[in-house]
Number of protein chains: 2
Amino acid sequence: MTNGEKRFQEKINAIQDTMFVIGGKWKIPIILSIYSGNKRFNDISKAIPKITNRVLSKELKHLEENLLIKRTVVDTYPVRIEYALTDYGLGLEEIAKPLENWGRKHKKKISGK
Amino acid sequence: MTNGEKRFQEKINAIQDTMFVIGGKWKIPIILSIYSGNKRFNDISKAIPKITNRVLSKELKHLEENLLIKRTVVDTYPVRIEYALTDYGLGLEEIAKPLENWGRKHKKKISGK
DNA sequence: CGGTATCCTTGACGATACTG
DNA sequence: CAGTATCGTCAAGGATACCG
């Protein structure tokens with residue numbers, strides 16, 4: 001494998017790693033929902049049209065495992081569960097912004113303007 | 001729907017549009033492969049470990065429909081087919097870079113360094 | 001060389017019901 | 001309130017063979 005090919009493979013791997021973490025239909029919406037102030041399971045759920053409990057639950061776990069969000073049990077009675085972005089999770093802004101900008105541009109382009 | 005909610009939905013839509021175009025397992029590798037100099041079907045194929053003809057064929061069509069690449073029939077004998085990024089496709093750099101950078105950071109983070 | 005055709009597997013996602 | 005459990009669907013992707 002040449003040097004160029006090696007750098008090429010590393011690029012691909014890095015991007016596919018990112019895709020694994022934030023890819024799929026729901027991860028970014030969930031992150032944005034929490035980012036915009038929703039803390040509790042049902043609040044996040046309501047903010048995202050059409051997501052089901054089952055899927056939300058799984059995605060939250062995935063995001064927690066990847067250190068992007070933190071789940072906290074607030075010790076009131078009855079207990080509340082709160083989700084929050086970690087500092088690390090806030091770093092996603094760095095990629096969310098470009099993705100959003102590109103999407104807006106693309107829509108115009110494809111719709112023929 | 002409040003104003004904040006509306007902006008939130010627009011953000012999500014823009015990002016999901018982007019994901020639709022470049023999401024999935026192979027689109028970015030294919031784009032990078034062409035970007036790095038591969039023009040012909042079998043060259044692109046060889047540069048990307050494990051991709052099958054069927055999948056590559058479908059993805060190339062998808063990318064062409066979204067105006068990111070251009071397919072040209074070169075009139076030699078026998079004819080050659082050449083793929084190239086469009087100017088518009090080159091604009092993907094704007095999102096590929098952040099995705100790559102974030103992926104590298106994330107790998108370190110998760111592997112515990 | 002540049003693909004199609006067929007068939008198959010898997011995993012993401014959905015619907016609905018239920019629970020501590 | 002914050003999820004699980006169960007069952008079902010569907011599309012992305014894979015394996016292999018073949019074609020003009």
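**How chain A meets chain B**

In this predicted model, 44 residues of chain B are in contact with 44 residues of chain A. I'll go through how the two chains are arranged, and then what lies between them.

Start with the arrangement. Two copies of a chain are related by a rotation about an axis and a shift along it.

Which surface does each copy use? Of the interface residues of chain B, 100% are also interface residues in chain A, so the copies meet through the same surface.

Now the area. About 4,100 Å² is buried between chain B and chain A, and carbon and sulfur atoms give 69% of that.

Next, the polar side of things. There are 13 residue pairs in polar contact between chain B and chain A, counting pairs with both residues at pLDDT 80 or more. As for salt bridges, the rule finds four across the interface. One to look at on the structure is Asp17(A) with Lys107(B), a salt bridge whose closest N and O atoms are 3.6 Å apart.

Where on chain B does the touching side come from? At least two residues each are supplied by α1 (3–22), α2 (27–35) and α6 (93–110) of chain B. The largest share is that of α6(B), with 15 residues. Sorted by class, the side of chain B that touches chain A has 22 nonpolar residues, eleven polar and eleven charged.

That's it from me.

Key
Residues are numbered from 1 along each chain as its sequence is written. Chains are lettered from A and ligands numbered from 1 in the order in which they are written. This is a predicted model: local features need pLDDT of at least 70, side-chain atom pairs count only at pLDDT 80 or more; totals for chains, interfaces and linings use all residues. Side-chain values use heavy atoms; hydrogens and water are left out. Contact means heavy atoms within 4.5 Å. Buried area is the accessible area (1.4 Å probe) that two parts lose on being put together, summed over both. A salt bridge is a side-chain nitrogen of Lys or Arg within 4 Å of a carboxyl oxygen of Asp or Glu. A polar contact is a pair of N or O atoms within 3.5 Å; within protein, one must be able to donate a hydrogen and the other to accept it, and residues adjacent in sequence count only if both atoms are side-chain atoms. Helices (H or I, at least four residues) and strands (E, at least two) are DSSP runs, numbered from the N terminus. Ala, Val, Leu, Ile, Met, Phe, Trp, Tyr, Cys and Pro count as nonpolar, Asp, Glu, Lys and Arg as charged, and the others, Gly among them, as polar.
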